[in-house]
Amino acid sequence: MAVAVANMTTAALDWVSVKFNAPLAGMVVFGVHIHGHLIVEVLLIAVILFQLSRKSYKPPKKPLTEKEIDDLCDEWAPEPLHPPITEEMLSEPPTLESAAGPHTIIDGKEVVNFASANYLGLIGNEKINDSCIGSLEKYGVGSCGPRGFYGTIDVHLDCEARISKFLGTPDSILYSYGISTIFSVIPAFCKKGDIIVADEGVHWAVQNGLYLSRSTIVYFKHNDMSSLKSTLEKVTRGNRRAEKIRRYIVVEAIYQNSGQIAPLDEIIRLKEKYRFRVVLDESHSFGVLGSSGRGLAEHYGVPVEKIDIITAGMGNALATDGGFCTGSVRVVDHQHLCLHFLLVLQLPLLIIWRRIQLFFQN
């Protein structure tokens, strides 16, 4: 059967070819020999042009009836937003029943606390607690307003002055939330078109600040100075545009994700060689590194004025809330200008005042 169909098809094609070619074999039009295959090609081109010129078919829009809508809603089965909940997921984290000091109470039992960042053991200090009560009676819980309008109180100014004096910097500024400090400072200075060379091991808050800056971000290998050098060389070599834009190196003093200490002396050497600015986050080194707790600069013996911008959260060594940025007067004034447009409540006074006062006195 298949052979017969094939023979019939071949015979039909031969007949069509003969019919097209035989009568026109000797036809000449305007000096052009016309053959049967040319007619077929012309017909095909005409059909293609006709199909292309036609308007696309659109089925008539017919609104769904109420019954059809109800049927579709009944048939729709949404995908779950989360995987099935198991018994392990239902387990609740331990609840503290006392201050999160070196020893704390959980479920009525005293345990050793290895999970807290209370590096200096200031949480639960009776002297600090008694001082906080006096601060609460004088100032209340908080300023209930942003610094740029009516939230600046003498305690804030005194705290900023003490931080600057302790670290040896010209000026400082407070932030109301620890991790918001670094990801507010980076976008305040780094804009679209700037170049930021950052360690690939920086923690989430730094990454968020890098993203918000909209700058060109180039990462180097974690705490690898040869990688940093090659990255700076690649960014600046033969790039005339790089000489006219702002360039930053962003690192942590003690990396939250790995616990490694950044080699500040080498970073400063590369910074001066390639003419970059350094943004250093000291959230985990402030109050810990250095003979007097002044951080990474004291630890390496590097003059603090060689670091352009220093930030730190106060939720670790100071055992309180908020953060600060310190540096030159120009650096701090620029942030004051930015903060005047932000309706952010300032730090509760009783939280910062006595702890910081006691820290700097000691």
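**Sheet and helices of the model**

Ile249 stands opposite Val278 in β9, where strands are DSSP runs of E with at least two residues and helices are runs of H or I with at least four residues, numbered from the N terminus. This is a predicted model, in which local features need pLDDT of at least 70, side-chain atom pairs count only at pLDDT 80 or more, and totals for chains, interfaces and linings use all residues. Residues are numbered from 1 along each chain as its sequence is written, and side-chain values use heavy atoms, with hydrogens and water left out.

**Strand β9 and its partners**

- Four of the five residues of β9 (residues 277–281) are buried, so this strand is largely enclosed by the rest of the structure; buried means under 20% relative accessible area, exposed over 50%, and partly exposed in between (1.4 Å probe, protein chains only).
- Strand β8 (residues 247–252) pairs with β9 in the parallel sense over five bridges, two strands being paired if DSSP finds at least two bridges between them, and Val251 has Leu280 of β9 as its bridge partner.
- Between β8 and β9 the chain passes through helix α9 (residues 264–274) in a right-handed β-α-β crossover, meaning that, with the strands pointing away from the viewer, the path from the first strand over the helix to the second runs clockwise.
- β9 also pairs in the parallel sense with strand β10 (residues 309–313), over three bridges, and there Leu280 has Ile310 as its bridge partner.

**The whole sheet**

- Seven strands, in the order β5-β11-β10-β9-β8-β6-β7, form an open sheet with mixed pairing.
- Its edge strands, each pairing on one side only, are β5 (171–175) and β7 (216–220).

**Helix α4**

- Helix α4 (residues 126–139) has 14 residues and should span 20 Å at 1.5 Å a residue, which agrees with its end C-alpha atoms being 20 Å apart; the expected span is 1.5 Å times one less than the number of residues.
- Ile128, Cys132, Ser135 and Tyr139 are buried in α4.
- These residues cover an arc of only 60° around the axis, which puts them on the same side of α4, the arc being that of the directions from the helix axis to the C-beta atoms.
- An α-helix has 3.6 residues a turn, so residues three or four places apart point the same way.
- Exposed residues Glu126, Lys127, Asp130 and Glu137 are carried on the face of α4 turned away from its buried side.
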